[in-house]
Amino acid sequence: MLKALIVDDEYLVRAGIHETIDWASYGVEIVGEASNGLEGLDLALSLLPDVVITDVRMPFMNGLEFLEKIREHRLPCGVIMLSGYDEFQYAQEALRHGASSYLLKPVNIDELVEEVLRIGRQTTQQAGDRLQLHKLQEEEHAITSQFWMDLFFGRITDVEVIKEKYDWLPIRLPSADTLLVAVIAIVPDTVVMDDFTATSKWTSVEQQIRLSASEHALSTVTTQRSATTEWTLIAELNLPAAGLGASLYAFGYSLIKEIREAAGFQVTIGFAQAADPYTGISAAFVKAREAAHKSISGLGGVLFETDDERSGSRREVRDALAYIRIHYADNVTADRVAEQVHVSATHLMHLFRKDLNKTFYECLTEYRIDEAKRLLRHSSYRVYEVGLHGSNDRSSSLLRQLKIRSRIVFVLIAGLSLHLTLMLGVFNIYAHTYLKNDLYNHIGNIQKEIGLSLELIVDDIQMLSLRFLVNPDIYRISGDSTLNEQEKKTRIRSLMEGIVAKNELVGDVVIITNEGTHYRYRSDKDIFEDPDAILISNIEQSTLPVIGKVKHDAEGRAYVVFGQKFRNFNTGQNIGIILLYVKESALYDLYKPAFEGMGYSYIASANNEVLSHPDKRIVGNTLLESDSFHPGNQSGYRNVKSNRQDYVLSTYPLSERLNRFGVHWKLVSVVSRPELFGAINEGNRNALYFALLAFIGLLALSFYLAAKITEPVFKLTKKLGSIGKSGLELVHERNQPKDEISELEHSYYTMIDRINKLISENNEEKEKQRIMELTALQSQINPHFLYNTLDAITWTARLKKQPEIERMISALATFFRISLHKGDKHIPVEEEIRLVQSFVTVELMRFPDKFEVTYDIPEPLRKIRILKLILQPLVENAIKHGMSEKLGKGLVEVKSWRTDENLYFEIKDDGVGFKSKSNVQSTDKNLLFQSGYGLRNVDERIKLEYGSESGLSITSEPGKGTTALIRIRLQKDQLS
């Protein structure tokens, strides 16, 4: 049996389609109904109908949007669009979005049934065809992938068999004689356990390989995943031999960067050439794979089968060259690259000179020049896009074109620029050029050396932890049920002594099993603070090492606690956690000699806990932001003041490489500023005196020149000051143009004349428009035909026992009778309320249970006569814009009250609301004119009838609703 879904915002349409046709006799089941596109989409996704019958105009999501969403979700169903629009473009738009049929309202029942059956049979047939095609495609893809794997790994060597496979498998036989084989391997250190379940990452890698190959003019034959973290690309080698190496290097390093940005992996790439598309592919694959894995490092890289370790250069040099190729456009320095390849800058430059017979910066410059040449050869690049700087001296022509305002700006800028140039020149000579930069760099270099030492300590600690984790005897003894706890502790302590040996960093080692048993390296007589529960919980939940809070022993010595899970890498056995108590004194000995006589240093964690400090009393404390020497969140230098003394505080975060060990430390150095910069204070004072004298002279010169230049401007300002005080008055005293200022004055007078003329014309047009609007509202049409027709329909509904139709027609008749009302402009409040009630009755028939309207109109106010048709547009606006998009049932409240001189009406809804501008005149015109006569029309009519103090105001808040407030100033005869 076919399944059909009906989607229409009008209840009567849904009920008519569902109940007036015996669908079961046609083999059709109506599985659901929806009142809007959003609800219909949910039902379509859950019920999976064969046919959907939908309207075009609906709230939340219209029919075209609903149809587009169905196609996006690839639902196997046909869609019939119902619409009252018979224009061709509507049908064309529906069919373009994938509609199966387009029927006009009112719908012919026989035609609708015929379309449902036709589309249902068609959908069923297509579903079977798609299932069969999907199975064939899956089998074909699996066979093709297996063929490539067999070819790569040499399991197929017969040329005739390979040719036969090429013929009947969906493989495009390469036209080029030589093929490129590229193996892309992910650097193991950049993959974590969670990555293996992140399907999107692996998909993005394959997409980047294909996209990058296409961008670099490589015609791809296939891309296959040849291992868990490895892909193989086969492409036709149509590139010219002269630039082959450079082109492939460009492709390789571009792909490395794109994969790193898209998936977060570092990859290495090996290239090899296959002499033919048959047996040559296997040999080339082996060579490319060896090249890829040969170049694996923390940075990734590109290697050809003919490369011999890049002519014997060391790994550090190869990695540095790889970094240059990727980041050549950035601010590359020897220090920055040395940090990436984990050597000192001095050692790296020595290796460049020794291996390449060139300096580091010579290699960097040569590569940048080569890249600039390549970009210039590309037709889409211009010289100014490639060059770093460009200049065009047009100062002389600009000076000739300057007018008064530009001259003023020029004089001020010239004076200030001269002043700043003199100041910066003196300061640069006495300070930056000689001492200040060197002193700052000195601090930074000392911190960098200390940082490297700290990194080595962390590495030693991790190596020590690793020795514990890979020791099988600890797992065996801890799990030996034949030994009592004391024997276990004795044996494990003996193992710990052998592992720790004479390591001076470690104060104690504690292993806490899952059962809560503690095994210690030190004697139980040595009292250490026990690890807190938070640290243990953090270690159990983390896949990385965790640094705990500082602990102390019985003698007050501080220790930094390193903790991680005690898990066997080989078997996955997890017996608990291991804690290493690292001596704070060992850390302090590293940086103690630095800045002696000038200041001191300390080590803080990411949350500003002091891990090591010369003052042992504050070790373990957390520094507050109010503390003078708080390290802050930014690295670098800043000036601080403490006890009336000035200091330079330098914060140096340790390498991000340590983050995987749970180490987020920063080294903070506090250096006395007078001690540091005492040698240049005298130069600063001299520069300050010179700058002060220059500023005074420039200030006087600027005032004199500005006064001379702006004198005509002030005269014009005085003349124009009277304009606009009491409107745009005409100016009779006018000067003939002589210079730029006079010309400006004349233009301003001409503009005033034009504005006055336009204001007069606009006022006349506005008055005519208001008269026409009032005439249209008050004009009386002949209602007899309308009333007689509605009355006949009402009687027909009664005879046919159709009470709902009778109610709807009666309400509609009431609405027209009151709104026309013989052309009267004013009606009693109770009549206006009846008008609103009749409109609401019709709307509730169309949208049952969508909203509720309440009325709070005091009896004494019901007889007051007010301007007609001012409440109904507001209620219509609340229903149409507030309730249509609201989920669930809404509420509209109509209230009225009176003060001494004013009558108020409030229409409040709890609908979707909008961003309110409070003023009706500033609210979006589209919103205001979408409802009946329009809210702006209501506001203007009230102001025209009752004065400018009366009118309409609107407040709204998205998600909470809208409130419209009408204020009417009562006439004298209505005040009693």
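I started with helix α3 (residues 63-72), where E72 and K69 both sit, 3 residues apart, about one turn of the helix. Helices here are DSSP runs (H or I, at least four residues), strands are runs of E (at least two), and both are numbered from the N terminus. I noted that this is a predicted model, where local features need pLDDT of at least 70 and side-chain atom pairs count only at pLDDT 80 or more, while totals for chains, interfaces and linings use all residues. Residues are numbered from 1 along each chain as its sequence is written, and side-chain values use heavy atoms, with hydrogens and water left out.

Next I looked up the contact itself: E72 and K69 form a salt bridge at 3.6 Å, N to O. The term means a side-chain nitrogen of Lys or Arg within 4 Å of a carboxyl oxygen of Asp or Glu. E72 is partly exposed at 49% relative accessible area, and K69 is partly exposed too, at 32%. For the cut-offs, I wrote down buried as under 20% relative accessible area, exposed as over 50%, and partly exposed as in between (1.4 Å probe, protein chains only).

Then I checked K488 and E485, a salt bridge with its closest N and O atoms 3.9 Å apart. Both residues are in helix α19 (residues 485-500). K488 is buried at 8%, but E485 is partly exposed at 36%.

My next pair was D532 and K551, bridged at 3.1 Å between the closest N and O atoms. This one links distant parts of the chain, with D532 in a loop and K551 in strand β14 (residues 551-552).

Last, I found E455, D459 and R657 linked in a salt-bridge network, and I jotted down the total of 27 salt bridges.
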